[in-house]
Amino acid sequence: MSDLKRRRFVGIGSGLAFTAAAGTGLATAPVARADTGTARTARAAEAVAVTPSDSRYPDLTSGNNLRWKAAPDKVVLPRTTSEVVSAVQEAVTGDKRLSVCGGGHCFEDFVFNADIRININMSLMSAVSFDPSMNAFKVGSGATLLDVYEALYEGWGVTVPGGICHTVGVGGHIPGGGYGNLSRQYGLTVDHLHAVEIVVVDAAGQARAVVAARDSSDARLRDLFWAHTGGGGGSFGVVTAYFFRTPGATGAAGALLPKAPSKIFLTLANWPWDKVTEEGFSGLVDYWGTWFEQHNTAGTTAGSLYSWLMLNHRDSGSMAAVVQLDASLPNAAGVLSDFLAGMDQALGLHSATARHDGVLDSQYTTTRLMPWLRGTRYIGSISPTQLDPTTRGCHKSAHLRKRTPQRQIDAMYAHLTSDDRPSTMTGIVLSASGGRIASVSPTATAVAQRDAIMKVNFESRWYAPADDTKNTAWIRGAFGAVYGDTGGVPVPNDVTDGCYINYPDGDLSDPAYNTSSVPWHDLYWKQNYPRLQQVKRDWDPRDVFRHRQSVRLP
C-alpha cells in the first residue's frame, strides 16, 4: 500500500477514549454487589503516585492530542477500586479538581487542563475476565479496545462491537455509546453492557463504590446505569469496571456476547485526487449516503456492511475508504462487489476488474479475506498517524438521518479543494450507522441518535504548535459552512441530528460558533438530557465530576 493510501486512516472510529474530571475510569477489584448501593469498606492501600519531580511525569500529563496538557500536583495510578475510592476522597476532602485518564484519546481538554490538581490514570487496571457472580465479562479500566478484543475472542470466541483504533481506552469509549465495524451487524457497544462499577460522591462528601446494573432492583441504580449508555464521561463518577452481557442472552459464557466472525472481507479503496472531478466527488458522496439510506435493515447482509469514507483534503493526494463485511453472511461477496463497483462508477472511474475471493476488485480497491482478529489488528494499525502520540488535533462531528444534501456536498468540496494549505492530515470522514443500531429506542439508552445513517467527523491533525491557528480555522470554517443553514451546527431535524459526545467539541457551547437556538447539550443528547441531569442530581450533588461539557446539575 502506498504512503498516501496509508496516511489517511487517521483517527477514524476512535470513539474517544476519555474519562474526564473523574468521570469514567475503570477498575478490577471486587465490590459488594447489593442493589442498595451501600458503601464498601476501603482497605488501607496506596496507589502509585507520580509527582512533578518523577521522571514519569511528562508521559502522564498529556494524552494523544498534544494541544492539551496539565500540571497536576500528582498523578495517581491505582490498582484496585479501593485505591480509586481513596484518590477521589483525597480530592474531595482537599477541594482539589480531579480528572481521570482512561486511554488518553480525548479530543478536548476535559482530562488535561490547567485546573486539574489530581489526575487518576487507570492504565494499571487492564484485566479482562469472566465474573461468574455477575454472569458477565468484566473489563478493567486500563484496558484498550485491542486488549478487550483479544481477551474475549481468544478466550471465548466472542466480542463487543467497538471502535477500530485499538489504542483507544474503554473508559470513555463505552459511556459515550461506542461504535465500530461490527455495529451495523450487532449494535453499539452499550447495547451489550450489563453493569458498571462506579465510585461516586454523596452530598456529605463521602466517596464510595456501587454497582449499577441494567436489572438493578433500585430505580436510582438503574438510572445510573442508563446514564453510562451514552451520557459520556466525566459527569457522574469514576467507573471502575464494566460488565458485558447481551440482554436476553443465557447459557455458558461463550453464548453471552456476539460471536465474532470467523472471517471478514476487508476492502481498502484509494482514489487519487487528480482523477476526481467536482461532479465525481458529488456523485460519490451522494451514492455512499444513498446506499446506506436504502440498505438499513437489521439482520440482512447489506444491513451489516460497514464503511468509512475518508474525504481527505486535496493536498493529501487521495481520498480513501474502508469497507468490512462478515464473509459468512448470505451473498456477502456479491453485496460487497456491488457496493464497491457503485463507488467507482459514482466517481466516474471505470477500470479493468478482477475477481478475488469472489469479490470484485478494481485498480482503486483491494479486498482481502482474512480471519476477524487479524483483520481487526490490521485495520487498527495500518496508519502510522492514527497511533501517533505526538500530534495535535481538532475535531467536530455530526449525525445525519439521510443522505448528505447537495448544498452540504458543495460546501465540503469547496473546503476540501481550498488553497489555504491545511495539514495533509485534514479531511471529512463519513462513517456508517443504522442497521442493528437503529433497532433500539432513542430513550432505551442515553444515545439519542438511533436512526442516523451516518456520522460525520471533521478532523485535522498536525505536529507544530505554530500550525494550530491555521488548522483549527480550516475545521471551523468547513464545519460552519456545511451546516451554515442551521446556525453553523447540525441541529436535530429531518436531515441532521446533532453531534457525537465521544467526539466532543468545545465550540458547540460558544455562541461565536453555534448561532442556532439549540444548546450544546441538546446537540449531544436531545430529549435525554433532562434525565441525565436528574441522574447527576442524585449521584453527584456536589458536582465533583465536571468538565467544560459535563452534564449540568438541574
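**Figure 1. Aromatic pairs.** The structure holds 25 aromatic pairs. Rings of Phe, Tyr and Trp (its six-membered ring) pair if their centres lie within 6.5 Å. Planes under 30 degrees apart count as stacked, over 60 as edge-to-face and the rest as tilted. Tyr 500 and Tyr 503 pair edge-to-face, with 4.9 Å centre to centre and 80 degrees between the planes. Trp 520 and Tyr 529 also form an edge-to-face pair, at 6.5 Å centre to centre and 65 degrees between the planes. Tyr 500 and Tyr 503 are both buried, and so are Trp 520 and Tyr 529. Buried means under 20% relative accessible area, exposed over 50%, and partly exposed in between (1.4 Å probe, protein chains only). Ring pairs join Phe 107, Tyr 179, Tyr 306, Trp 308, Tyr 500 and Tyr 503 into a cluster.

This is a predicted model, in which local features need pLDDT of at least 70 and side-chain atom pairs count only at pLDDT 80 or more, while totals for chains, interfaces and linings use all residues. Residues are numbered from 1 along each chain as its sequence is written, and side-chain values use heavy atoms, with hydrogens and water left out.

**Figure 2. The whole protein.** The secondary structure comes to 13 helices and 18 strands. Helices (H or I, at least four residues) and strands (E, at least two) are DSSP runs, numbered from the N terminus. The C-alpha atoms fill a box of roughly 70 × 55 × 45 Å, taken along the principal axes. Of the 554 residues, 63% are buried. Among contacts (heavy atoms within 4.5 Å) between residues at least 6 apart in sequence, 76% join residues at least 24 apart.

**Figure 3. The buried side of helix α13.** Helix α13 spans residues 529-539. Its buried residues are Tyr 529, Leu 532, Gln 533, Val 535, Lys 536 and Trp 539. They cover an arc of only 160 degrees around the axis, so they lie on the same side of α13. The arc is that of the directions from the helix axis to the C-beta atoms. These buried residues pack against β7 (193-201), β8 (207-213), α6 (219-227) and α12 (520-525).

**Figure 4. Asp 468 in helix α11.** Asp 468 belongs to α11 (residues 468-482). Its relative accessible area is 17%, so Asp 468 is buried. Not counting residues up to four places away in sequence, Asp 468 touches Arg 67, Arg 392 and Trp 462. Cys 394 is 74 residues away along the chain, yet its C-alpha atom is separated from that of Asp 468 by 8.8 Å.

**Figure 5. Thr 496 between two helices.** Thr 496 sits in the loop between α11 and α12. With a relative accessible area of 3%, Thr 496 is buried. A polar atom of its side chain lies 2.6 Å from the backbone oxygen of Val 491. Thr 496 touches His 399, Leu 400, Arg 401, Gln 408, Tyr 483, Pro 490 and Val 491, not counting residues up to four places away in sequence. Thr 496 and Lys 455 are 41 residues apart in sequence and 9.8 Å apart in space, C-alpha to C-alpha.

Figure 6. Asp 361 lies in strand β14 (residues 359-361). Asp 361 is buried, at 13% relative accessible area. Its side chain reaches the backbone nitrogen of Thr 367 at 3.2 Å. A polar contact is a pair of N or O atoms within 3.5 Å; within protein, one must be able to donate a hydrogen and the other to accept it, and residues adjacent in sequence count only if both atoms are side-chain atoms.

**Figure 7. Positive phi at two residues.** Most residues other than glycine have a negative phi. Arg 421 has a positive phi, near 50 degrees. Arg 421 is in the loop between α10 (406-416) and β17 (425-432). Its relative accessibility is 56%, so Arg 421 counts as exposed. Asp 543 also has a positive phi, near 55 degrees. Asp 543 is found in the segment after α13. Asp 543 is partly exposed, with a relative accessible area of 22%.
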